[in-house]
Structures are given as structure tokens and as C-alpha cells.
Amino acid sequence: MKIYLAPMEGVLDHSLRDVLTRIQGVDVCVTEFIRVTDQLLPESVFRRLAPELGAGSQTPSGTPVLVQLLGNDPVAMGENAVRAVEMGAPGIDLNFGCPAKTVNKSRGGAILLKDPEEVHDIVAGVRRALPDQVPLSAKMRLGFQDKSLALENAQAMEAAGAMRLTVHARTKVEGYKPPAHWEWIDRIREAVKVPVVANGDIWTVDDYHRCREVSGCDDVMIGRGLIANPFLAQAVREGSEGLAAVETWPRICELLLAYHLMVLDRLETKHVAGRAKQWLRMMQRHYPQAETLFMTIRTERDPHRVTEYLQQAVEISAIDINR
């Protein structure tokens with residue numbers, strides 16, 4: 001059984017991959033997608049979105065990081081996949097699931113699921129370009145407007161050389177609205193011979209077990225659930241519901257501060273404060289303390305003031321847990 005940390009554009013960057021994998025439980029990370037048009041991208045683009053390539057393609061805690069590509073040109077996708085591998089990527093993942101309008105408008109992501117033949121050609125182009133031993137996987141949704149082509153798309157990816165499929169159990173139109181249709185993942189799993197990874201609506205340990213039961217998959221990919229509760233994968237590994245929020249909050253404060261300082265070191269000042277706020281808002285689902293801290297810094301734009309508030313949160317949470 002493996003737990004994959006999902007790629008989430010604009011959210012799960014290398015800094016957040018770093019801090020989330022400091023907690024045990026995640027087996028493999030996948031980068032935010034690297035957008036490919038019709039050209040070979042410079043190495044600087046790969047280093048910006050996947051700086052782990054310069055460190056054995058793993059997070060500082062040793063979790064492997066796969067590079068995800070998004071595009072519709074089979075030749076350019078293949079050339080860029082080769083570049084990523086030459087830079088150290090241990091495997092390539094292809095994005096057929098992004099629901100963003102701007103991406104779909106330029107024929108990238110989920111809109112490609114309207115045409116299984118084009119999906120096949122893209123995967124085949126990358127497979128031909130890569131050495132045989134390099135793992136190639138693909139991430140898909142159940143379709144664009146409906147699920148009528150779900151099995152055909154999965155089979156097209158397999159036939160073209162994808163060695164593993166990750167299935168987000170919703171269509172593009174369904175977006176992120178519950179429920180995730182895990183039963184469709186089971187139908188896809190039965191229709192192909194390659195391993196299938198289940199993705200969508202895994203927020204708790206109970207969700208994890210129900211997803212595996214309904215989908216029939218051994219492996220899962222978790223995105224928002226692990227951001228809302230960074231200890232979720234660890235709880236799954238331990239076979240329990242995990243520690244209560246009050247017990248893990250001090251560690252969360254430490255990770256939040258570490259994340260903020262990493263962002264402060266690499267982003268323009270005007271963009272820094274928003275990242276900590278974004279993570280806090282997502283953690284409110286599991287941590288009531290996150291709402292209080294978010295309201296404290298909600299209007300603060302000075303990243304150095306945010307640093308002070310987060311340092312105070314670390315100190316206060318440590319005192320509270322020791323009372």
C-alpha cells in the first residue's frame with residue numbers, strides 16, 4: 001500500500017511538500033504540473049517548480065518526487081519528459097485531470113478526456129521518448145462533462161504505455177463537489193491491467209478505508225485531506241484515527257512557521273503572507289485553532305509581522321500542551 005501526495009497547482013509547491021513529508025506516512029510526491037506547449041523548456045523552469053531535482057529528486061526527508069507534465073503536443077511532451085529525467089526525475093506523470101478553465105481553454109488537462117485517441121497519442125509520444133525503464137504514469141478524471149468515456153480513456157492510456165493510473169473520481173464539471181464516485185474507480189480498475197491509484201474525498205482514516213473498499217485499490221492519492229490534517233497519512237499507517245487536534249497543534253504551528261520562512265525566502269514580499277493564510281484556511285476543517293490564528297493574521301500584509309504572530313503561536317501552543 002502506498003500513499004501519494006497529490007499535485008495541487010498554486011498550493012502544493014516544494015515548500016509545502018517539504019514540511020508535509022517531515023511527518024511520516026507519505027510514500028511519493030508529485031509536483032505541480034509543468035506546462036508544455038510546443039517547445040523544449042529550459043532547465044530553469046524545471047528547477048523552479050521541482051527544485052528537488054537538484055537533490056536526488058526527493059524532499060529533504062527523503063520522499064521521492066515525480067515530475068508531472070501537462071500539454072497536448074506528443075513530441076514536445078516527450079522531449080520535456082526526457083529533460084526532466086536527465087535532470088534526475090525518477091518518473092514522469094501526465095496530467096489529464098486539471099479542471100482549470102484557462103488550462104482547458106488551451107487544450108490541456110481534463111478537456112483532453114473528450115478525445116481518447118488524442119489522449120493515447122500524447123501518452124504514446126512520451127512513452128516512445130523515454131527509456132523503457134523510466135516509469136510513466138497518468139492522472140485522469142472520470143471525464144469532462146460526463147463519465148461515458150472513462151473506461152475508454154483509461155484503456156487508451158494503458159495501451160499507449162502508461163504503467164500506472166491515478167483516478168480522481170469526479171468529472172471536470174463536478175469539480176470538487178462531493179461525493180467522489182469511488183465505484184467508478186473500481187470499474188476502471190477492472191478494465192485495465194496496470195495498477196490504479198484512488199483519489200478524491202479522503203479526509204479521514206474512515207474515508208481512506210471506505211475508499212479502498214469501494215474502489216478496490218491498494219494505493220491512494222490524497223491532496224486536500226493531507227493539507228487539512230498533515231497527520232492523516234501517519235494515522236492511516238498506525239491504523240487508528242490518530243492524535244487529537246489539540247495534541248498535534250503545537251507541531252502544526254512549528255511546521256507552519258517553517259513553511260512561512262521558506263516562502264519568505266523565495267517569493268516577492270507581496271505574495272508571502274497569503275501562503276500561510278491559505279494553509280490556515282484549509283486546516284480549519286480539522287483544527288479549530290487554525291481559525292483563531294487565521295483571524296489574527298487575516299488582514300496582516302507585512303510578512304515579518306506574520307512571522308512574529310506565528311512565533312507567538314508556537315510558544316503559546318507549547319505552553320498549552322504542557323499544562
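I take contact to mean heavy atoms within 4.5 Å. The model I am looking at is predicted.

**Entry 1: Ala313**

I looked up Ala313 and found it in helix H14, which covers residues 303-322. Leaving aside neighbours within four places in sequence, I noted that Ala313 is in contact with Cys253 and Leu293. Is Ala313 buried or exposed? Its relative accessibility is 12%, so Ala313 counts as buried, since the cut-off for buried is under 20%. I also checked Ala313 against Thr31: the two are 282 residues apart in sequence, and their C-alpha atoms are 30 Å apart in space.

**Entry 2: aromatic pairs**

How many aromatic pairs are there? I got a count of two. Trp249 and Tyr287 form a tilted pair, with 5.6 Å from centre to centre and 45° between the planes. Trp249 sits in helix H11 (residues 245-266), while Tyr287 sits in the loop between helix H12 (269-283) and helix H13 (288-297), so this pair ties together parts that are 38 residues apart in sequence. I found both Trp249 and Tyr287 to be buried.

Tyr259 and Trp279 form an edge-to-face pair, at 5.4 Å centre to centre and with 85° between the planes. Tyr259 belongs to helix H11 and Trp279 to helix H12, so the pair ties together parts 20 residues apart in sequence. I read 1% relative accessibility for Tyr259, so Tyr259 counts as buried. Trp279 has 2% and therefore also counts as buried.

**Entry 3: Asn229**

Tyr287 came up again when I looked at Asn229. Not counting residues up to four places away in sequence, Asn229 touches His286 and Tyr287. I placed Asn229 in the loop between H9 and helix H10 (232-238). Asn229 is buried, with a relative accessible area of 10%.

**Entry 4: arginines over rings**

I searched for charges over aromatic rings. Arg285 lies over the face of Trp203, at 3.6 Å from the ring centre. Arg141 lies over the face of Tyr176, at 5.0 Å from the ring centre.

**Entry 5: the largest pocket**

Which elements each supply at least two residues of the lining? I listed strand E6 (136-143), strand E7 (164-171), strand E9 (219-222) and helix H9 (224-228). By residue type, I sorted the lining into 13 nonpolar, eight polar and seven charged.

**Entry 6: backbone exceptions**

I kept a general point in mind: most residues other than glycine have a negative phi, and most peptide bonds are trans. Then I looked for exceptions.

The peptide bond from Pro178 to Pro179 is cis, with omega near 5°. I located Pro179 in the loop between E7 and helix H7 (182-191).

Ser57 has a positive phi, near 55°. Ser57 lies in the loop between helix H2 (43-49) and strand E4 (65-70). I found Ser57 buried, with a relative accessible area of 2%.

Arg107 has a positive phi too, near 55°. Its place is in the loop between helix H4 (101-105) and helix H5 (116-129). How much relative accessible area does Arg107 have? I read 32%, which means that Arg107 is partly exposed, as that class runs between the 20% and 50% cut-offs.

Conventions:
Residues numbered from 1 in each chain as written. Predicted model: local features only at pLDDT ≥ 70, side-chain atom pairs only at ≥ 80, totals over all residues. Heavy atoms only, no water. Phe/Tyr/Trp six-rings, centres within 6.5 Å; stacked < 30°, edge-to-face > 60°. Helix = DSSP H or I, 4+ residues; strand = E, 2+ residues; numbered from the N terminus. Buried < 20%, exposed > 50% of the residue type's maximum accessible area, 1.4 Å probe, protein only. Lys NZ or Arg CZ within 6 Å of the ring centre and 35° of its normal. Nonpolar A, V, L, I, M, F, W, Y, C, P; charged D, E, K, R; others polar.
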